[in-house]
Structure formats: C-alpha cells, structure tokens
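Thanks for coming. Please have a look at the screen.

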Amino acid sequence: MSVDTAPRRTSRGPVLRTERALAPDLTRGAMLLIIALANVAGVVFAGEPGLDATPTGIDRGLNFLLFELVHARGYPVFAVMFGYGLVQLARRQDASGATPRQVRSVLLRRNLWLVAFGFAHAALLYYGDFLGAYGIVGVAMTLLLLRRGEKVHRIVLVLWAVMAVEVLILGALVASGIAASGGSAPLPAGHVDSLAAPDYLASVVHRLGEWPMHTLTVVPFIVIAWLGMWAARRRVLEDLARHRTLLARTAVLGLGVAVAGGLPAGLLSAGWLPVDKPTAGLILTLHGASGMFAGPGYVAVFGLIALRVGRPGPVVGALAALGQRSLSGYLFQSVAWLLLLAPFTLALGQRLGDPTVSGVLIAVTIWLVSVLVARLLDKRGQAGPAETVLRRLAYGRRT
C-alpha cells in the first residue's frame, strides 16, 4: 500500500511586511490626502463636484488648485494601484504553490467582501463609495483578465491611446467654445441629497438610493485598473531603476494631460473664465476625461520619489505606513466627515466661517491624524482594523 507524501498545495495568507515594495505604499499613503480634499469639498457643499459657485478672495485660488490637482484626479491613482495589487496578490499565491483554482477562489472571495464593505460604507457613512466598484471590477478582472497573455493585455495600451485622442478632441471643442462664446455660466455641479439631509436616518435612506447609481458610474474605471495590471506584470514599481525612463515619461505625459485638461475647469471654477452653459458642460467633461491620466501620472511621480529615497526616513516611512493601511485610512476619513461636517452633527464646514478654507484645513488635519495613527500601528507591527477584518474574511484563520 503506497502513501502519498507529496505536499498538499494550498493558498497562503496576506502579504508580509518584508514582501512589500515602497512605491505602492508611498503612493497610497500620500494620495489619501488628495482623496480627503476632494471628498471634503463635496461634503461641505453637498455637491459633486464640490465647489463654491461664487468664490471670492482666496477661495478663487483654492477652487483653481482643487480642479487642477484634486477633483477627478485622486481616484484614478487608486484604480491603477488596485489593478497593480491584484497581480501582486495572485503572484504571491502562485509562488506559495497554490493552484490556479485556489488563487481564483481567494481573489473572488476578497473582492466579493469588498463589495459588502462598500455597501456598508455607503449605507452608514458616505455615498461616494468606491469599495463596491473595486470589488465588482476585481471580480471581472480575476475572471476575464488575470490569466490572459501579453497580446490581450496590450489592448489596454490601445484603449489609453484612444482616450488620449478623445481628450484632444474635447480640448479642441472647449477651445472653440471659449473663443466663440461669452457669458456667466458656472461649472455644472450636481446636488447630493444625502450630504444635505437634516438627520442621520434621512441620510441613510438617501445613500441607499445613491450608492447603486454611483457604483455603476465608476465601474468603467476597469480600464484604469487594467493599466495597473499591465504595469504589475512588468514589475514597474518593484524594479524602479530598470523602469526609470518609463516612469519619467509617464509622470510628464500623465500629469501634463491632467493639468492641461483641468485648466479650463480650474479657471471657470475660480470665476476667471466667462463661458456659456454648453461650453461649461464641455469643460466639465474634459476635466473628467483628462483626470484619468493623473492616475498613472501620480503613480509614476511617487515611483520616482521612492527610487530617489531608497531607504525611507520618518516622513516617507509614515506615509508608507498609511499606504499599508489605506483601507482603514479611507474609512476613517468617512467617519470624520460624518461626525465633523454633516448638517446634523458638528457642521464645522459652515460654522468655522469660509467653507472652502475650513474644508481644506479639516481635510489636511484628518489626513495628518491618520498618518500619525498608521505610524504608531506600524511601530507595533499591527495592521489597520479594516485590513485585519478583510484579511480574516478573505484568508481565514491563517492570517
């Protein structure tokens, strides 16, 4: 009678600290500030995008900077990093000896739990949730893209080239509209009922209706996440020195397109560009389309910073610590917005005077607090609370 002594192939638990690359964590930690600034503006003005439609004084400059560097320019970074992380996770599972079926099971379970996290986040805290969309995109990418060959993954480069052409066409239309029109139309902004609700129960009811539509509108960022998957297959952020030229070109081109495409919206939001209503709508469309290019642009910038830093000091180490706990940092922000800014809680955005200025100060403060807390957790070797829960659900007791 023979005994099978071959080791049983099994999936492994989450990433270890010694396996982490600096660039992805630094990117996530730093860019949570951009997410905070964008979301605070929306909460304070109960709109999407959030802005003061009649700015004066310093608010003009703040509006300009927010539309150039923040609005619609933060979430594409996390979409790129989501696709990148999906490949990293699968690669570690493969290296542990897990079968393709086991790897797929871990990824599907993790992403389905992300959908559940997103629903809870939206219902309890903030309508503008991205976790549910991440989970849906993660399921689709696991089933349709993860194990595909190089020819399939090159399609994403073609898609990005097409999007670049679309941005150029939109830019030409906007330039033509600006040259031919005058007027006093504001930048279009939609009202968000849950952010203006008079009490918590009413805000929950509104969010339950807003979350499905918001999630459907952001699911198409799978094209952005796919670019992250393409980069991860080449280990761009693990082998920074080898990809220095690619990173430099991506930083210049990506942020160049985002800044140039955001310029009309920045000028209009500041009250420095007179246009008619149709042109204002085109300007907002250009702003959103060009914002996608900030994703790879910002990622490349922080990749170059990580390459230059080499061994992280206190500041970079603290940002990376938050990046390792980005899910907790993101949810912490939503808790803060509810407690500090909602009309039925402290409503500090309105009580402290200028809503734009107070919103920016609150966003920076909450982000700094999250950086400090992440650093303390890092020194103790503890994961963030949200990461701990998600890992337990995705991997089981082995975490």
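Let me start with a question: in which loop does arginine 235 lie? Arginine 235 lies in the loop between α9 (222-233) and α10 (244-269). Helices here are DSSP runs of H or I with at least four residues, strands are runs of E with at least two, and both are numbered from the N terminus. Phi of arginine 235 is near 55 degrees, a positive value in a residue other than glycine. Arginine 235 is partly exposed, with a relative accessible area of 40%. On that scale, buried means under 20% relative accessible area, exposed means over 50%, and partly exposed is in between, with a 1.4 Å probe and protein chains only.

Now the ground rules. This is a predicted model, where local features need pLDDT of at least 70, side-chain atom pairs count only at pLDDT 80 or more, and totals for chains, interfaces and linings use all residues. Residues are numbered from 1 along each chain as its sequence is written, and side-chain values use heavy atoms, with hydrogens and water left out.

How confident is the predictor? pLDDT is its confidence in each residue, from 0 to 100. The protein chain has a mean pLDDT of 93, and 94% of its residues reach 70 or more. Residues 1-8 are another matter: pLDDT stays under 50 there. For that stretch the model has 0 contacts beyond four places in sequence. Contact means heavy atoms within 4.5 Å.

Back to backbone geometry. Alanine 46 also has a positive phi, near 50 degrees, and is a residue other than glycine. Its place is in the loop between α1 and β1. Is alanine 46 buried or exposed? Alanine 46 is buried, at a relative accessible area of 10%. Then comes a cis peptide bond, joining glutamate 48 and proline 49, with omega about -5 degrees. Proline 49 sits in the loop between β1 (47-48) and α2 (58-69).

On to helix packing. Two packed helices are described by the angle between their axes and the distance between the axes. Axes are lines fitted to C-alpha atoms, for helices over the stretch in contact, and angles run from 0 to 180 degrees between N-to-C directions.

First pair: α1 (residues 22-45) and α3 (residues 75-95). Their axes come within 10 Å and cross at roughly 155 degrees. So α1 and α3 are roughly antiparallel to each other. The classes are these: under 35 degrees is roughly parallel, over 145 roughly antiparallel, 65 to 115 roughly perpendicular, and the rest oblique. The α1 and α3 crossing is left-handed. That label applies if the near helix is turned anticlockwise from the far one by less than a right angle, and right-handed applies if clockwise. On the α1 side, the contact includes Met31, Leu32 and Ile35; on the α3 side, Phe78 and Met81 are among the residues met. The residues of this contact divide into 8 nonpolar, 3 polar and 1 charged. Nonpolar covers Ala, Val, Leu, Ile, Met, Phe, Trp, Tyr, Cys and Pro; charged covers Asp, Glu, Lys and Arg; the others, Gly among them, are polar.

Next, α3 with α9. The axes come within 7 Å and cross at roughly 45 degrees. That makes α3 oblique to α9. Here the crossing is right-handed. Among the contact residues are Ala79, Val80 and Gly83 of α3, and Ala225, Gly228 and Met229 of α9. The count is 12 nonpolar, 2 polar and 2 charged.

Histidine 121, in helix α4 (residues 100-124), is buried at a relative accessible area of 2%. Beyond four places in sequence, it touches Tyr126, Asp129, Leu131, Tyr330, Leu331 and Ser334.

Tryptophan 337 is in helix α14 (residues 326-341). Tryptophan 337 is buried, at 3% relative accessible area. Which residue lies 301 places away along the chain, with C-alpha atoms separated by 9.3 Å? That is alanine 36. Ala36 is also one of the contacts of tryptophan 337, along with others including Asn39, Val40 and Ile366.

Key: pLDDT is the predictor's confidence in each residue, from 0 to 100.
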